[in-house]
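Dear colleague,

I am handing over the structure below, together with some notes on what turned up when I went through it. Please read the notes with the coordinates open beside you.

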Amino acid sequence: MATTTSSFVFRNIDGFGHGIGTRRSYRVIKAQSQSGVPKEQVVIVGAGIAGLATALSLHRLGVQSLVLEQAESLRTGGTSLTLFKNGWRVLDAIGVADDLRTQFLEIQGMVVKSEDGRELRAFNFKQEDESQEVRAVERKVLLETLASQLPRDTIQFSSQLANIEATSNGDTLLELVDGSKLLAKTVIGCDGIRSPIAKWMGFPEPKYVGHCAFRGLASYSDGQPFGPRVNYIYGRGLRAGFVPVSPTKVYWFICFNSPSPGPKITDSMVLKNQAKELVKDWPSELLNIVDSTPDDTVIKTPLVDRWLWPAISPGASAGRVVVVGDAWHPMTPNLGQGACCALEDSVVLAKKLARAIKSEDPSVEEAFRSYGAERWPRVFPLTIRANLVGSALQWENPVVCSVRNNIVIPKLVRLQPLLEHTNFTCESL
């Protein structure tokens, strides 16, 4: 019969760079079975926002994890993302919000214009909700900030997952593309929209919603000229927006209808020219922003989502394997809630898992089921709402667009109800 020996190392662990206090933290550092396969207590697959936030939440609660990241370093590409107050509540809870606040502008409101530059409506966020907090954050800086708070040996790079296999005792055998193997007692899939973990659990591929988006991050060495508000421009089957991120950077997007995602183009200069061609007759300030964008920050992505139909979709967990963020509930960016919901997931899951690991009551399996039961009523409606909002904003019919621009937006839309989904209570860990 196979024998297993384990070596447990208990130690005080501080984050490197900006650790907050010390807390007794533990991880199964090394556990060799007869076959020599190392064993870990908690393995997180993916070092994106969901993965790093989950790892940091667990760390704050005294449970260390191993994060497997397929890239050679943090995936700091991409542009910016908007965080509303629910996202900031989580970042406050895990102790990184104040550091980020010093780097990014607080957005005071939003203005909506037509493609000819006519202002249709303006809103002030604080007037609609005194507790609202909105900032656009560079993805690169957010990832680096989260990673800086983790123990040095937490993230294992160049670790792409090749195969997943359940064992008879409930552990999960993970095989990497380099041939190495790892036995995990608990697996948390934070591996994004095309998640291999989710696929293994039986989730379908996310569905393309009929439009794509160009995105970029404009840079102004002498300072950007825009006020702290989100700017939206609505056309027919085409919309755009931009928002100041910092004193020197502005995030922008152009969303357009397309029957298919089209070929993948990696030449950023080509992407930039395609984006400009779509809005060549629109307000010049938008074109100037695109022109001020370094080519290597321009990306094009097809927008996708996955609707978690009750009694049809798999649950959020299978045994001691669970999915978080985009790996579970990819949603379109129309409500600005993709990253916010991933952050919410991370702290809810971490609390339940830490309690189960420390007390074994409830079990890890029960903790994961509780996480799924708590989070599903939150993320499923938001996924649907984001999809419907995007579809409405991508209308092409000129009559419908005229009604939208001249009646619905100026006279009927109320912002406060549209921000209710940003309410989320989160205590410090």
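Predicted model: local features only at pLDDT ≥ 70, side-chain atom pairs only at ≥ 80, totals over all residues.

Residues are numbered from 1 along each chain as its sequence is written, and side-chain values use heavy atoms, with hydrogens and water left out.

Helix α7 spans residues 268–278, and its buried residues are S268, L271, K272 and A275; buried means under 20% relative accessible area, exposed over 50%, and partly exposed in between, with a 1.4 Å probe and protein chains only. These residues cover an arc of only 100° around the axis, so they sit on the same side of α7, the arc being that of the directions from the helix axis to the C-beta atoms. Among the elements that cover them are β13 (207–219), β16 (249–257), α8 (284–291) and β17. Helices (H or I, at least four residues) and strands (E, at least two) are DSSP runs, numbered from the N terminus.

Most residues other than glycine have a negative phi. S158, in the loop between β9 (155–156) and β10 (161–166), has a positive phi near 55°, and at 44% relative accessibility it counts as partly exposed. A311, in the loop between β17 (299–305) and β18 (317–318), likewise has a positive phi, of about 70°, and is exposed, with a relative accessible area of 88%.

Best regards

Methods
Contact = heavy atoms within 4.5 Å.
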